[in-house]
Amino acid sequence: MQSARDERIPGKLICAIVAVGSLAFFGILTETVMNVLFPQLMGVLHISAATIQWLTTGYAATMTGAQIDYAIMAVATVIVFVAMLHALRNRK
């Protein structure tokens, strides 16, 4: 039996976790920035608050779709990596 000290988290797993976390962080940051910019966007584009809210909702929905695609790829990568690691350990 291996001790907890001998077991390490694989680097690819850490990278996948950081990638998914980064996508979530930047999604929240982008939406926050858009909300802060409402008054400026309304003045520059000469549109109402309702219109700018619909524009930012569409933008957020588009970005969410892109992030979901990236998250699915990251999760799939982690699953494949863990399966390969498991197969290598059981091969011995």
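Predicted model: local features only at pLDDT ≥ 70, side-chain atom pairs only at ≥ 80, totals over all residues.
Good morning. His-46 counts as exposed, at 72% relative accessibility; in these terms, exposed means over 50% relative accessible area, buried under 20%, and partly exposed in between, with a 1.4 Å probe and protein chains only. Residues are numbered from 1 along each chain as its sequence is written, and side-chain values use heavy atoms, with hydrogens and water left out.

Let me stay with His-46. The residue sits in the loop between helix 2 (38-45) and helix 3 (49-91). Helices here are DSSP runs of H or I with at least four residues, numbered from the N terminus. Although His-46 is not a glycine, its phi is positive, at about 55°. For background, most residues other than glycine have a negative phi.

I turn now to helix 3. Ile-52 belongs to this helix and is buried, with a relative accessible area of 2%. Which residues does Ile-52 touch, not counting residues up to four places away in sequence? They are Phe-38, Leu-41, Met-42, Leu-45 and Ile-47, where contact means heavy atoms within 4.5 Å. Between the C-alpha atoms of Ile-52 and Val-80 there are 42 Å in space, for a separation of 28 residues in sequence.

Thr-56 is also found in helix 3. Is Thr-56 buried or exposed? Thr-56 is buried, at a relative accessible area of 3%. Leaving aside residues up to four places away in sequence, Thr-56 touches Glu-31, Met-34 and Phe-38.

Next, helix 1, which covers residues 11-36. Its 26 residues should span 38 Å at 1.5 Å a residue, and the end C-alpha atoms are 37 Å apart, which agrees; the expected span is 1.5 Å times one less than the number of residues. The buried residues of helix 1 are Ala-16, Gly-27 and Met-34. Ala-19 lies in helix 1 as well, but is partly exposed, with a relative accessible area of 36%. The C-alpha atoms of Ala-19 and Ala-74 are separated by 7.6 Å, although the two residues are 55 apart along the chain.

In the segment before helix 1 we find Pro-10. Not counting residues up to four places away in sequence, Pro-10 touches Phe-81 and Leu-85. From Pro-10 to Gly-21, 11 residues on in sequence, the C-alpha distance is 17 Å.

Finally, the surface. Phe-25, Phe-26, Leu-29, Val-33 and Leu-37 form a nonpolar patch, with about 440 Å² of accessible area together. Patch members have over 30% relative accessible area and no salt bridge; like charges are joined within 9 Å, and nonpolar side chains (Val, Leu, Ile, Met, Phe, Trp, Tyr) within 5 Å. A salt bridge is a side-chain nitrogen of Lys or Arg within 4 Å of a carboxyl oxygen of Asp or Glu. Accessible areas come from the Shrake-Rupley method with a 1.4 Å probe, and for residues only the protein chains shown count as cover.

The structure holds one aromatic pair. Phe-25 and Phe-26 form this edge-to-face pair, 5.2 Å centre to centre with 70° between the planes. Rings of Phe, Tyr and Trp (its six-membered ring) pair if their centres lie within 6.5 Å; planes under 30 degrees apart count as stacked, over 60 as edge-to-face and the rest as tilted. Thank you.

Terms used. Helix = DSSP H or I, 4+ residues; strand = E, 2+ residues; numbered from the N terminus.
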